[in-house]
Amino acid sequence: HGKPNFEHLLQKFGEAVVPVANCDVKEYNSNPKEQLPFKEYVEYWREYIRNGYSSSRGCLYLKDWHLSRSGLIPNTPALGIAFPEQDVYTTPVYFSSDWLNEYWDAVAVDDFRFVYMGPKG
């Protein structure tokens, strides 16, 4: 059970603003999300590990981050910084007919490429 290379992630994405869900709270059958700087989320994650996988903030999970979105939606800082140059997404061969993203890429509105990460628990 390895851990992510936090230093590498911080170097590449530390200034990004990411959507974070609180898995310990339910609102309308979902977990409420807030926007946090990625570096703050990593700080939380490291503290969560040091505290035996526990935090007074609950279990926070980075969810639905459009890491590879290429800034197609202008003037929306809440969506965070995009990193299209990182080439972080490759469609798995079994899903190579990625018709949903082919459509959204063509109309340059959105995408369905998300990053999910967080501590165990």
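**View 1. Tyr-94 sits in the loop that runs between β3 (60-65) and α3 (99-107).** Helices (H or I, at least four residues) and strands (E, at least two) are DSSP runs, numbered from the N terminus. Tyr-94 is exposed, at 75% relative accessible area; exposed means over 50%, buried under 20%, and partly exposed in between (1.4 Å probe, protein chains only). Together with Val-93 and Phe-95, Tyr-94 makes a nonpolar surface patch of about 450 Å². Such a patch joins nonpolar side chains (Val, Leu, Ile, Met, Phe, Trp, Tyr) within 5 Å, like charges being joined within 9 Å, and takes residues with over 30% relative accessible area and no salt bridge. Areas are from the Shrake-Rupley method with a 1.4 Å probe, and for residues only the protein chains shown count as cover. The model is predicted, so local features need pLDDT of at least 70 and side-chain atom pairs count only at pLDDT 80 or more, while totals for chains, interfaces and linings use all residues. Residues are numbered from 1 along each chain as its sequence is written, and side-chain values use heavy atoms, with hydrogens and water left out.

**View 2. The protein chain has three helices and four strands.** Starting at the N terminus, the order of elements is α-β-β-α-β-α-β. Of the 121 residues in the protein chain, 31% are buried.

**View 3. Helix α1 (residues 6-13) crosses helix α2 (residues 38-50).** The two axes come within 10 Å, at a crossing angle of roughly 165°. Axes are lines fitted to C-alpha atoms, for helices over the stretch in contact, with angles from 0 to 180 degrees between N-to-C directions. The α1 and α2 crossing is left-handed, meaning that the near helix is turned anticlockwise from the far one by less than a right angle; clockwise would be right-handed.

**View 4. Glu-7 and Arg-46 form a salt bridge.** Their closest N and O atoms are 2.4 Å apart. Glu-7 belongs to helix α1 and Arg-46 to helix α2, 39 residues apart, and the pair links these distant parts of the chain. Arg-46 is partly exposed, at 26% relative accessibility. A salt bridge needs a side-chain nitrogen of Lys or Arg within 4 Å of a carboxyl oxygen of Asp or Glu; the count by this rule is five.

**View 5. Lys-39 and Glu-15 meet through their side chains in a salt bridge.** The N to O distance is 3.0 Å. Because Lys-39 is in helix α2 and Glu-15 is in the loop between α1 and β1 (17-22), the pair ties together parts 24 residues apart in sequence. Lys-39 is partly exposed at 42% relative accessible area, whereas Glu-15 is exposed at 55%.

**View 6. Asp-64 and Lys-33 meet in a salt bridge, 2.9 Å from N to O.** The pair links strand β3, which holds Asp-64, to strand β2 (residues 33-37), which holds Lys-33, across 31 residues. Asp-64 is buried at 19% relative accessibility, and Lys-33 is partly exposed at 43% relative accessible area. Salt bridges with shared partners join Lys-33, Lys-63 and Asp-64 into one network.

View 7. Most residues other than glycine have a negative phi. Tyr-53, not a glycine, has a positive phi of about 60°. Tyr-53 lies in the loop between α2 and β3 and is partly exposed, at 32% relative accessible area. Asp-64, also not a glycine, has a positive phi of about 70° and lies in strand β3.
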